[in-house]
Amino acid sequence: MTLPAVYVLALAVLAVVLLATEKAHLSVIGVGMVLAVALPGLIGVEDALAGLANPAVVTVAALYVVGEGFLRTGAATMVANRILERTGAREWTVVCLVMLMSAGLSAFVNNTLVVVTLMPVITSICTRTGLFPSRMLIPLSFASILGGMCTLVGTSTTLLVHGVLLDLGRPGLGMFEITPAGVVLAAVGLAYLGFAGRRMLPRVPSLAVLAGAQNIKEYVTEITVGRGSSLIGKPVASVGETATPGVTRPVMLIRKETMRRPPFRDEVILEGDSLVVSGSSQDLAVLQRGAAAGAASPDRYDPATMSFFELAPTPGSGLVGRRIRDLGLKSLHDVVVVALMRRGAHLRDRLGNLRLQSGDVLLAFGSERAKARLRRSHDVHLIEGVHEEIFHVEKAAIAFLGVALVLTLFVTGLVDTSLAALAGALFMVVTRCLSVREAHNAVNWPIILFVAGTLALSKALVATGGAAAIAAGLADSLGRLGPRALVAGTFLVCIVLTEMLSNNAVAIMMTPIAVAMANSAGVSDRPLVLAVALGASCSFANPMGYKTNLLVFGAGGYRFRNFVAVGLPLDLLLAVTGALLIPALWPL
């Protein structure tokens, strides 16, 4: 292997380490990879930057906009609610319908958006019925991955394989070329989850339930204690004792810009303190009147508009790694964090000093206006309340029409998939299902930059001969066992790499290797390419390997072992199924 090829492989390893340890932002890694291969002249500047204009990348970006329009108008939630409200409180029925909806929508809409749309619906159902979100959120994520494997546009993985093939001068994937194998794999996976996998999931209440804030009519207000107030000298923990027991309670003491959270132990109220109290609007009104009689200053927040909700950092969020007190949620969004859930543990003590991690869930309170601002944030997403936060309900029918337009263009092949996706995105903006700003914010730009960087690295791997060297080694070792072993080995390698890296990175890096391996072995490259497209989508044993897994990781209160217990058997099951199925459908 040449020295330039070794250099490119070292860059790939470095990118993997940075990705796994979260030491750098996705966009920084992406731009860094472009510079690292362009500055030494391994590939030309145009080739290094071509990833930003790659048809697959453009398609992914445009589909984010189409999916966001489908979400913001309430079209997706209308479909979900009408089906889910018929299930009653039977866990198995709810789980099965959730998986079928998730897989069906994910075949045509970006699966990350599907999960973001359905998560709050599931949380709401669990709150009303007493079911556990932890029994449903992993099936939701896994089903969205399985559904995304059924069509070209279901997931960014297949779109990126398609884009790399075009860069290599090979025919791209057809809209439904992957469907026969994808549907069988999805059916096998859903059957496993419905009958066996879900039984291995824990029963973990949501953070709101653990924190006692699950009552949808529970609100929050802040009272500043003035001179002569009857509250002065009383224990903080005693506030609200005369109201509804266990419901009205202090959740925070603010003293000289310092926030103190429960347990309050023996702390007493001093003049100038601010008390954040939660409870029903009626109990809070009584409490405020009593405080006012003692010369407390007017409350800062209106209890009729303040409520609890749950937040989680988005994949690649710039907030990850920062202390809770430094997140700026109070100053930027007027939102106060009161608790945190991490791997199923409910944390309150010294909350401000904790550093936010991927998969964490924050319990916060704020106004409806604050929730609307958070809804537009790229750093956090709302787990509860999203399905109620619909801005353009009257445009739902138009959003359905927009999705139908995109699918028609995809299916008929009248125009290229990237142009069809752009037409759908433009339709959503022109018909005002989304504003221009909302469309811009809908695109996950860090992911786009990261993908562009990995595309540049992939080209450098081919140009330096690294892909050919790796392919020759794999073809030599696996080819001795026959052509079918090449497919099985490629599928399994992609699964293993995806569990360690990300689906997008594996799709981009392995596609040229698969083509080179087919050339070396003298067989058709189609089965090997499809093994990459399907294998790189199989990320079930690691919450960090796929964005949808990361989204449900904290919200479900899961631990790493929960994904291993349910996902590893699914990985193995799909590896065996794929190894037998692909050569049968696409002869070598």
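Good morning. The model I am presenting is a predicted one. Thr-157 counts as buried, because its relative accessibility is 0% and the cut-off for burial is under 20%. Leaving aside residues up to four places away in sequence, Thr-157 touches Asn-503, Asn-504, Ala-507, Ala-533, Ala-536, Ser-537 and Tyr-546.

Let me now turn to the chain as a whole. The chain has 588 residues, and buried residues make up 59% of them. Its secondary structure comprises 24 helices and 9 strands. Among contacts in the chain with a separation of 6 or more, 79% are between residues 24 or more positions apart.

Two packed helices are described by the angle between their axes and the distance between the axes.

Helix α18 covers residues 445–463, and its axis comes within 7 Å of that of α2, with a crossing of roughly 25 degrees. Are the two helices parallel or antiparallel? An angle under 35 degrees counts as roughly parallel, and α2 and α18 are therefore roughly parallel to each other. Their crossing is left-handed. On the α2 side, the residues that meet α18 are Leu-26, Ser-27, Ile-29, Gly-30, Met-33, Val-34 and Val-37. On the α18 side, the partners include Pro-446, Ile-447, Leu-449, Phe-450 and Ala-452, as well as Gly-453 and Thr-454. By class, this contact of α2 with α18 holds 13 nonpolar residues, 4 polar ones and no charged ones.

Ala-38 touches Ile-43 and Ala-48, if residues up to four places away in sequence are not counted. The C-alpha atom of Ala-38 is separated by 8.8 Å from that of Leu-49, a residue 11 places apart from it along the chain.

The next pair is α15 and α16. Helix α15 runs over residues 396–412 and helix α16 over residues 417–430; their axes come within 9 Å and cross at roughly 170 degrees. Angles over 145 degrees count as roughly antiparallel, so α15 and α16 are roughly antiparallel to each other. The crossing by which α15 passes α16 is right-handed. From α15, the contact draws on Ile-398, Ala-399, Leu-401, Gly-402, Val-403, Leu-405, Val-406, Leu-409 and Phe-410. From α16, the contributors are Thr-417, Ala-420, Ala-421, Ala-423, Gly-424, Phe-427 and Met-428. Of the residues in this contact of α15 with α16, 13 are nonpolar, 3 are polar and none is charged.

What is the phi of Arg-432? The value is near 65 degrees, which is positive in a residue other than glycine. Most residues other than glycine have a negative phi. Arg-432 is exposed, because its relative accessible area is 64% and exposure is set at over 50%.

The last pair is α10 and α24. Helix α10 spans residues 179–195 and helix α24 spans residues 560–585; they pack at an angle of about 150 degrees, and their axes are 10 Å apart. At that angle, α10 and α24 are therefore roughly antiparallel to each other. The crossing of α10 past α24 is right-handed. Residues of α10 in this contact include Pro-180, Ala-181, Val-184, Leu-185 and Val-188, and those of α24 include Ala-565, Val-566, Pro-569, Leu-570 and Leu-573. The contact of α10 with α24 has 15 nonpolar residues, 3 polar residues and no charged residues.

Helix α24 also holds Pro-583. With a relative accessibility of 7%, Pro-583 counts as buried. Again without residues up to four places away in sequence, Pro-583 touches Arg-484, Val-487 and Gly-578. Pro-583 and Pro-527 are 56 residues apart along the chain, and their C-alpha atoms are separated by 6.4 Å.

I close with the cysteines. A disulfide is a covalent bond between the sulfur atoms of two cysteines. How many disulfides does a search of the whole structure find? The search finds 0. Cys-538 is in no disulfide, and the nearest cysteine sulfur, which belongs to Cys-494, is 9.3 Å away. Cys-538 is buried, with a relative accessible area of 0%. Cys-433 is buried as well, with a relative accessible area of 0%.

Terms used
Residues numbered from 1 in each chain as written. Predicted model: local features only at pLDDT ≥ 70, side-chain atom pairs only at ≥ 80, totals over all residues. Heavy atoms only, no water. Axes fitted to C-alpha atoms, helices over the stretch in contact; angles between N-to-C directions. Helix = DSSP H or I, 4+ residues; strand = E, 2+ residues; numbered from the N terminus. Parallel < 35°, antiparallel > 145°, perpendicular 65-115°, else oblique. Left-handed = near helix turned anticlockwise from the far one by under 90°. Contact = heavy atoms within 4.5 Å. Nonpolar A, V, L, I, M, F, W, Y, C, P; charged D, E, K, R; others polar. Buried < 20%, exposed > 50% of the residue type's maximum accessible area, 1.4 Å probe, protein only. Disulfide = S-S within 2.5 Å.
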